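Me: I'd like to go through a few labels on this one and ask what stands behind them. Can you take them one at a time?

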Amino acid sequence: MTSRTAPKALIADQAGEREDARTKGTNALRLVGLAIVVAIPPLWLLSLRDVDPRQMTDVGLVSVLPLATYALIAVLTMSFVALLAARPLSQGVVLLHVVVLAVLLYGTTSVIEEIPRFAATWRHLGITDYIMRTGQVNPNIDAYFNWPGFFVLLAFLTKNAGLGSAVVFAKWTPVFFSLLYVAPLIVIFRRATADGRVVWLAIWVFLCANWVGQDYLSPQGLSYFLYLAVLALLVRFFVNLEPGGSLRTRLRLRRNARPHQNVGPVPDPKPNLLDRMEAYVHLERPAERPAGSITPSPRPAPPETLESPLQRVGVMAAIIIVSAAMVPAHQLTPFALLAVLAALAVLGLSTARRLPVILAVLIPAWMLFMASSYLAGHFGGLASEVGDVGGAVGSSLGARVGGSPGHVAVVIGRLALTSVLWLLATAGAVRGRPRSTASLAVLGLAPFSLLVIQSYGGEILLRIYLFTLPAAAFFAAAFLVRLIDTRTVRSALAFSSALVFLLAGFLVARYGNERADLFTHSELNAVDSVYSWAQPDSVIVAGSENMPWKFKKYEEYDLEKVTDLTTWSKLAGSRDSMNRLMNQIDRLMRRPNSSSAFLIFMDSQVAEADLFGSAPRGSLARVWEAVALSPRFRAVYSSSDAAVFVPVRRDAAR
């Protein structure tokens, strides 16, 4: 060996030793990460077994979660970050971390609470029950029946599964939808970056920032998946995210490019289970990898299927079908999709320029012909909100900052979480590639045009946040990965602080109203008892609508609410104001031509009134107590959580 070749051989040997050490370290991390994702779910269940949700304060779920639960989330996050730093990236194990995170963040209430949360969940069950009983949709009942796509599908699935009610699906729907969203997000993010760390961190950020809570058993939950699916197909096949000429030109260059030649023979290891999981994530088979490659290349190849007219038509047909399925399922989501499609087409970033035209025809066609009952009764109100951006913002933001001190803290937490996410996203977008930044920025900015349409019952900003979340999560992740790459103490602290803040902020923002959102078996039994006693002409009064109500006999009963009465808004804590409220309740329940009347109170109603501050704290509880002590009413159902009263005959009251 000559003196010149000896140093080269030594350098090569040292490089090989470093590569072997790196491979061993990565394999060890994979095994540790796999052990963590296997161990955490049962430990999580054990940590929640003694949680009593009835002890929650006005800041929600975080007030009753044990330290062990927080520790498990922290361990999972540290393992995820360690895997992101490993080379090569262990995609399969990272995917398992994402799955476990979704279960922990979105399934906690499913474990500790007795029955499905949200009053809207029970209304949706009632609509599904109506369709199953009657086999038809009646658009004259209310707005839900003018966009019945989700409920028709749910009724079909429930009936064909041999179930009497869709309630069995409700408890774990948030976990199901959150995992369902991951698939289209992977497609979108992998078309925007070659860095697998950004892809998986973006999904992690998405899960930690999706606090809006629309992934329950709802039309929005399903429509949001369809929204993401259309975006995934569009971005994958019809949107140019890379610089350097048109997509067709890059495809031709890629097809004519010479294949990469390996230097020297390298044995092709037999893929194991984790390798197959990684290959599945990358949508390729292990046998199709280049020789000597253990993990597939993270670079997302532009789809060559665009060169085939038949396949291009097939993909476009799939996009149109999914978009069309969205129109009868939800009022708002098609408009959000239309805004994104139109912006991409106008800016020249999408080759599917006729797609927004098709959607622009489908939306008004449905409203004019299939939702005409709703449109006829609400056209004036809808038209008055068009262009009122200030009113939409005010009803979404200003009207929500109020209530108890705990609730105000939760609202501030939501605003802080949203602000931090958008600051991180802005930083990531500013430093991104111009073409990719422009295309992804459209996904994040176009939905803000919904402010011009209407306030959506004071929820328009919440829905806009949801529609813009994929782009915001991607840009935030891109910025955070750059922090990792700088390898300084300051950047490491900033990265860690951002992840901790997102996780903590999620638990506060998403579950801050949980004291009002949860229901119990005894509350459900109280409502079920009323259903068994009431006649179609019965008067039913409740403290508020926040209860498991309308899950059956949806079309038969209307609900009168104490919190809607004129004397409620004037309740000042004095005996006179209480007497006036009691008199109005008494008159309401003795309505002529009614066969019976029922008055329902429950803890969830009290919690809602206290949380949102519609009257001085404790007011509804005092009304409940006054009714229980009054000789004008008699309890026919009573438990620690709920009570049902009926009016006493006047001669018996004397």
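**What the labels rest on**

Reply: Start with the polar contact of 3.4 Å between the side chains of Gln214 and Arg463. This is a predicted model, where local features need pLDDT of at least 70, side-chain atom pairs count only at pLDDT 80 or more, and totals for chains, interfaces and linings use all residues. Residues are numbered from 1 along each chain as its sequence is written, and side-chain values use heavy atoms, with hydrogens and water left out.

Me: What makes the Gln214–Arg463 pair a polar contact?

Reply: The term asks for a pair of N or O atoms within 3.5 Å; within protein, one must be able to donate a hydrogen and the other to accept it, and residues adjacent in sequence count only if both atoms are side-chain atoms. At 3.4 Å, Gln214 and Arg463 qualify.

Me: Why is Gln214 called buried?

Reply: Because its relative accessibility is 13%, and buried means under 20% relative accessible area (exposed is over 50%, partly exposed in between; 1.4 Å probe, protein chains only). Gln214 sits in the loop between α8 (196–209) and α9 (219–237).

Me: And why is Val389 called partly exposed?

Reply: Its relative accessible area is 33%, so Val389 falls in between those cut-offs. You'll find Val389 in helix α16 (residues 389–396).

Me: How do you know that strand β5 is largely enclosed?

Reply: 5 of the 6 residues of β5 (residues 642–647) are buried, so the rest of the structure largely encloses this strand.

Me: What makes β4 and β5 a pair?

Reply: Pairing takes at least two DSSP bridges between strands; β4 (residues 633–638) and β5 have 5, in the antiparallel sense.

Methods:
Helix = DSSP H or I, 4+ residues; strand = E, 2+ residues; numbered from the N terminus.
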